Amino acid sequence: MIKILDSTLREGEQTPGVYFSPDKKMRIAEFLDQIGVDIIEAGNPAVDSEIALAITKIVQGGFKSKIGAHSLCNIDNVQKVLDCGVDFLGVFFSVSQKRLDEDYHINLETAIEKIIKVVSFAREKNPNLLIRYTPEDAVRSPMKNIIAAASAAVQAGVNIISIADTTGYSNPFDPQRSMYFYVKTLKEELKKQNLHPQIEVHCHNDKGLALANALDAYRGGADIIDVTTMGLGERAGIVDLAQLLINLIDMGEDEKSWQLEYLQDLYKFVSENCYIPLPPHQPIMGSHAFTHYAGVHVKAIAKNQMLYQSIHPEILGIKSKFSLGIQSGYAAIEMSLKQIGREDLLNNQDLVIKIITEVKLMAKQGNSIDIETELPLIIEKSLKHYS
Ligand code: HCA
Ligand code: CU
């Protein structure tokens, strides 16, 4: 079964301007645990002592989810992670040729020696630790470098190899840089060496393809997929948690694997506490994601909501609704009046037409029309017209 690693507290906190206090981190971890994510990546303790403290507290929170921390490929940073008592350590080090030549100024052999040294240290200190090695910028690295580094890392004690599309370079329709290709090739090549690590994927959204690439990796047999709440992260962020879960269910995963009804609370909390409003049209979690508007649509969903939806919002604890405005016709007004218990007015055709006219007039002035609060005022005004 596919596993989900949520990195809202690590990658998500790499969103410019975003900061979660230790208490808020704990609350977010509680939501993620309730939803049922497998691994919570809680931060890198070397970044700040407060982050180290937050990770340690989350570890002591008694969650079902495994708690992980992120680390540079050096012993000092790994020791800080071990000191937090986590279940999971993620070490990253690029073996892209450009990075080795232009940034690190070392060759592949030296890079591999460094990876082996750090992984062996962690493995020796904690035989039960889940250890992940990420060849950062994997999809812009020569496959032979990835295979060599991954193979050495697994032999040194790594359980998971993560293919990171650090710059959102991957494309599901390009065989040479698709996640499908990377996952399949890496699995096959390591299998030839009798090595069977779990394969994780970390897809950035620079070109808007993060979700498509993650699903492509799923198709290729990935074991773990990285996400964040709202898709937060460096630059354009990574895969959005809610969108991934819904698509995995659509592709055959069991919806009962996750408590989807907690997603709303998580998104509300994260959005409020990172001061980034959720766009209304954000798939799945946006306030308009299940709101119908045009007259034709409203008329159809009055009969069967699935005529204009392909997702059952009930699995998220959400009800589909409709909105009133310039696009509204008789069906929308009829449904609205029924919703507020004023179906008696439907006997007066002229009055209904007057209400529609008023609704459109208000909409043209740029007002949104709430069925519960605004509509009763419009009714009152329209009734006066008749008295
Ligand atoms: C980073 C880069 C990273 C690492 C992913 C990983 C990426 O911000 O440190 O360690 O698995 O996108 O490559 O997020
Ligand atoms: Cu990243």
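Helices here are DSSP runs of H or I with at least four residues, strands are runs of E with at least two, and both are numbered from the N terminus. Counted that way, the protein chain has 14 helices and 10 strands. What you're looking at is a predicted model, where local features need pLDDT of at least 70, side-chain atom pairs count only at pLDDT 80 or more, and totals for chains, interfaces and linings use all residues. As for bookkeeping, residues are numbered from 1 along each chain as its sequence is written, chains are lettered from A and ligands numbered from 1 in the order in which they are written, and side-chain values use heavy atoms, with hydrogens and water left out.

Let's start with the overall picture. Along its principal axes, the C-alpha trace of the protein chain spans about 90 × 45 × 40 Å. His 385 belongs to helix α14, which covers residues 374-386. To talk about inside and outside, we'll call a residue buried under 20% relative accessible area, exposed over 50%, and partly exposed in between (1.4 Å probe, protein chains only). The protein chain has 387 residues, and 52% of them are buried. His 385 counts as exposed because its relative accessibility is 52%.

Now for ligand 1. Which residues surround ligand 1? Taking a residue as near when one of its heavy atoms lies within 4 Å, the shell consists of Arg 10, Glu 11, Gln 14, His 70, Phe 92, Arg 132, Thr 134, Glu 136, Ala 164, Thr 166, His 202 and His 204. For sorting them, Ala, Val, Leu, Ile, Met, Phe, Trp, Tyr, Cys and Pro count as nonpolar, Asp, Glu, Lys and Arg as charged, and the others, Gly among them, as polar. The shell then divides into 2 nonpolar, 6 polar and 4 charged residues.

Some of these neighbours make polar contacts with the ligand (pairs of N or O atoms within 3.5 Å; within protein, one must be able to donate a hydrogen and the other to accept it, and residues adjacent in sequence count only if both atoms are side-chain atoms). In the side chain of Thr 166, an N or O atom is 2.7 Å from an oxygen atom of ligand 1. For His 204, a side-chain N or O atom is 3.0 Å from a ligand oxygen, and for Arg 10 a polar side-chain atom lies 3.1 Å from one. Taken alone, ligand 1 exposes 360 Å², and the protein buries 93% of that. Areas like these come from the Shrake-Rupley method with a 1.4 Å probe; for residues, only the protein chains shown count as cover.

Side chains of opposite charge can pair when their charged atoms come close. A salt bridge here is a side-chain nitrogen of Lys or Arg within 4 Å of a carboxyl oxygen of Asp or Glu, and by this rule there are 21 salt bridges. Arg 10 forms one with Glu 11, their closest N and O atoms being 3.6 Å apart. Are these two partners buried or exposed? Arg 10 is buried, with a relative accessible area of 10%, and Glu 11 is buried at 2%.

Elsewhere, Arg 177 pairs with Asp 174, with closest N and O atoms 2.8 Å apart; Asp 174 is partly exposed at 24%. Another salt bridge joins Lys 192 and Glu 189, at 2.9 Å between the closest N and O atoms. Because they are 3 residues apart in helix α7 (residues 179-192), Lys 192 and Glu 189 are separated by about one helical turn. Lys 192 is exposed, with a relative accessible area of 63%, while Glu 189 is partly exposed at 24%. Salt bridges that share partners also join Arg 10, Glu 11, Glu 41, Arg 132 and Glu 200 into one network.

Finally, two loops. His 105, in the loop between α4 (97-104) and α5 (108-125), has a phi near 55°, a positive value in a residue other than glycine. His 105 is exposed, with a relative accessible area of 60%. Arg 235 lies in the loop between β8 (224-227) and α9 (241-250), and has a positive phi of about 50° although it is not a glycine. Arg 235 is partly exposed at 48%.
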